[in-house]
Amino acid sequence: MSHSEGDVLEERVFGPVTRTDFVRYQGASGDFNPIHHDEIFAQSAGFPTVFSVGMLQAGYLATYVTDLLGPDNVRRFKVQFREQVWPDDVLTCNGTVVAVRTDATTGEKVADLALEVRTQRGATAIRAEATFAL
Amino acid sequence: MSATPADANQPRPFQMPIERGKVREFARATGSKSADYLDAPNPPVPPTFLRTAAFWATEGGPSPLQGLDLNLRRILHGEQEYEFFGPPPRAGDVLTVQPRLESVSEKEGKRGGTMRFISVVEDFTDESGRLVAQGRSTLIETGKAPE
């Protein structure tokens, strides 16, 4: 599949996310911050309930983009965490090809992408940039 | 003579073997159904997989955050970046991980407190010593009340 500047990637939905999804990601990643699975701890820190691990929705976004551009082609993946994700949220990943260029260091043809994870409330949970070899 | 206290407090490099089962577990936890991750005998790592380096760090060993006196209830993960200098590492590779504190900066928060921005870098080298990936985490310590 060829990609060119201005291409809009087909959106993909993950979720609704569950507390079990949070726990499974925490086990897989090794980040055991109780704020993502311990209801009593989360409430004592002032939150209504537990919330998702930012790196979980970053992982969904990585799955979205590697399925489209190929797991071996990732060269850079940068996420900025903006809004929290709560149990039962439905996440939609979207992306745009911002530029197609030849990398000055490697000589590889690459695509720069702008990516987002949005919730059903319209909030931007993650804003991200990525570079993939084409 | 033994290491000086300053040396003893530096994070030491550690080894991180990339394992097929761990890649599969991580890929499934992040919603993947791709045979490239789930079924390949030596799958590449997903873009955020190197976060699992935490499993290989020496528990209780020197941390790049040590000495910063962070309040963990006020820490947010602001940004995370992974850069790959070629195709990503694969199951079967053994990486060496070197964490380091890159920078700490302060900014006045909206409510008069001080916010701190902490950048931590991890360098991942392969068995030949080539830098294959680099991770960069930005942590934000929010709203420290004036003292």
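## Fold of chain A

Followed along its sequence, chain A shows the pattern β-α-α-α-β-β-β-β, which amounts to 3 helices and 5 strands, where helices (H or I, at least four residues) and strands (E, at least two) are DSSP runs numbered from the N terminus. The model is predicted, so that local features need pLDDT of at least 70 and side-chain atom pairs count only at pLDDT 80 or more, while totals for chains, interfaces and linings use all residues. Residues are numbered from 1 along each chain as its sequence is written, and chains are lettered from A and ligands numbered from 1 in the order in which they are written.

The C-alpha trace of chain A spans about 50 × 30 × 20 Å along its principal axes. Of the 134 residues in chain A, 36% are buried, that is, have 20 or more other C-beta atoms within 10 Å of their own, with C-beta atoms placed from the backbone (12 or fewer is exposed, in between partly exposed).

## Packing of α1 and α3

In chain A, helix α1 (residues 19-29) and helix α3 (residues 54-69) pack at an angle of about 90°, their axes 10 Å apart; axes are lines fitted to C-alpha atoms, for helices over the stretch in contact, and angles run from 0 to 180 degrees between N-to-C directions.

## Surroundings of B:Pro88

B:Pro88 lies in the loop between β2 (75-84) and β3 (94-108) of chain B, and it counts as buried because it has 26 C-beta neighbours inside 10 Å. B:Pro46, 42 residues away in sequence, is 8.0 Å from B:Pro88, C-alpha to C-alpha.
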